[in-house]
Amino acid sequence: MASSYNDGSRRLQDEFDTRRLADRLDDRFIQRGYIDEDDKAFVEKLDMFFLATADAEGRPQCSYKGGDPGFVQVLDETTVAFPNYDGNGMYLSMGNVLVNPQVGMLFIDFTGDPPRRLRINGTASINEEDPLLAHWERAQFIVRVHATEVFPNCPRYIHRMQLVERSKFVPRANCEPPVPGWKRTEWARDVLAAGDPANES
């Protein structure tokens, strides 16, 4: 298998004498390339992750994605799926996926003892008719990621934090989420999508 490292990584590894360590980590973790049962349990208990994307020219975006625990599902050892909920209508990350499907997902458990994190890199696809839509309230579409690299990160710099409150805006069964305040502002309300719930309130 090809190395996970580019010329820039190699230059820094050589400068700081970490090439041997990097090769060991690549061999032991990154090249594994599949999601095991421990990874699955970790991913599916979390209520957030960070999504990295880039457009066709390589310009990056990094987004926070949140939901209730289990909103990211591991479908098999190389596939994860998550819903895309109503946002600000810009579709920066999801637009990137349509022109450049390479994505990175960073999962962090800030409350664990010890804290833990996991990376999943792969290729993403968007499906507005995915059968998984039936599992998530008010999802616009489903994003599936075919994992090509699955590996843990050293947790030593993760801050220990505690959950105070989950977002009241996360779609849930038998519960109409509130309209975000910014959609009621003068600068936004006249340009909302035709079916936006803010138009009805």
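Residues are numbered from 1 along each chain as its sequence is written. In this predicted model, local features need pLDDT of at least 70, side-chain atom pairs count only at pLDDT 80 or more, totals for chains, interfaces and linings use all residues, and side-chain values use heavy atoms, with hydrogens and water left out.

The protein contains five helices and seven strands. Helices (H or I, at least four residues) and strands (E, at least two) are DSSP runs, numbered from the N terminus. Along the sequence, the pattern is α-α-α-β-β-β-β-α-β-β-β-α. The C-alpha atoms fill a box of roughly 60 × 40 × 30 Å, taken along the principal axes. Of the 201 residues, 35% count as buried. Buried means under 20% relative accessible area, exposed over 50%, and partly exposed in between (1.4 Å probe, protein chains only).

The largest nonpolar core has 30 residues. Such a core is a set of buried Ala, Val, Leu, Ile, Met, Phe, Trp, Tyr and Cys residues joined through side-chain atoms within 4.5 Å. Phe82, Met105, Phe107 and Ile120 have the most contacts inside the largest core. Helix 3 (37–45), strand 1, strand 4 (79–84), helix 4 (92–99), strand 5 (102–109), strand 6 and strand 7 each supply at least two residues of this core. Strand 7 gives the most, with six residues.

Five aromatic pairs are present in the structure. Rings of Phe, Tyr and Trp (its six-membered ring) pair if their centres lie within 6.5 Å; planes under 30 degrees apart count as stacked, over 60 as edge-to-face and the rest as tilted. The ring centres of Phe50 and Tyr64 are 6.0 Å apart and the planes stand at 70°, so this pair is edge-to-face. Phe50 belongs to strand 1 (residues 48–54) and Tyr64 to strand 2 (residues 60–66), so the pair ties together parts that are 14 residues apart in sequence. Phe50 is partly exposed, at 26% relative accessible area. Tyr64 is exposed, at 51%. Trp182 and Trp187 form a stacked pair, 6.0 Å centre to centre with 15° between the planes. Trp182 is partly exposed at 33% relative accessibility, and Trp187 is exposed at 61%. Ring pairs also link Phe49, Phe71, Phe82 and Phe107 into a cluster.

Two arginines lie over rings. A charge sits over a ring if NZ of Lys or CZ of Arg is within 6 Å of the ring centre and within 35 degrees of the ring normal. Arg32 lies over the face of Tyr34, at 5.2 Å from the ring centre. The charged end of Arg116 sits 4.2 Å from the centre of the Phe42 ring.

The second largest pocket holds about 330 Å³ of space. On a 1 Å grid over the protein atoms alone, a pocket is an open set of points where a 1.4 Å probe fits, with protein on both sides within 12 Å along at least five of seven lines; lining residues have an atom within 4 Å of a point. Grid points are joined across faces, edges and corners, and a volume is the space filled by probe spheres set on the points. The lining includes Tyr5, Phe29, Arg117, Phe151 and Arg156. Strand 7 provides its largest share, three residues. Arg156 lies in the loop between strand 7 (141–153) and helix 5 (186–189). Arg156 is exposed, with a relative accessible area of 63%.
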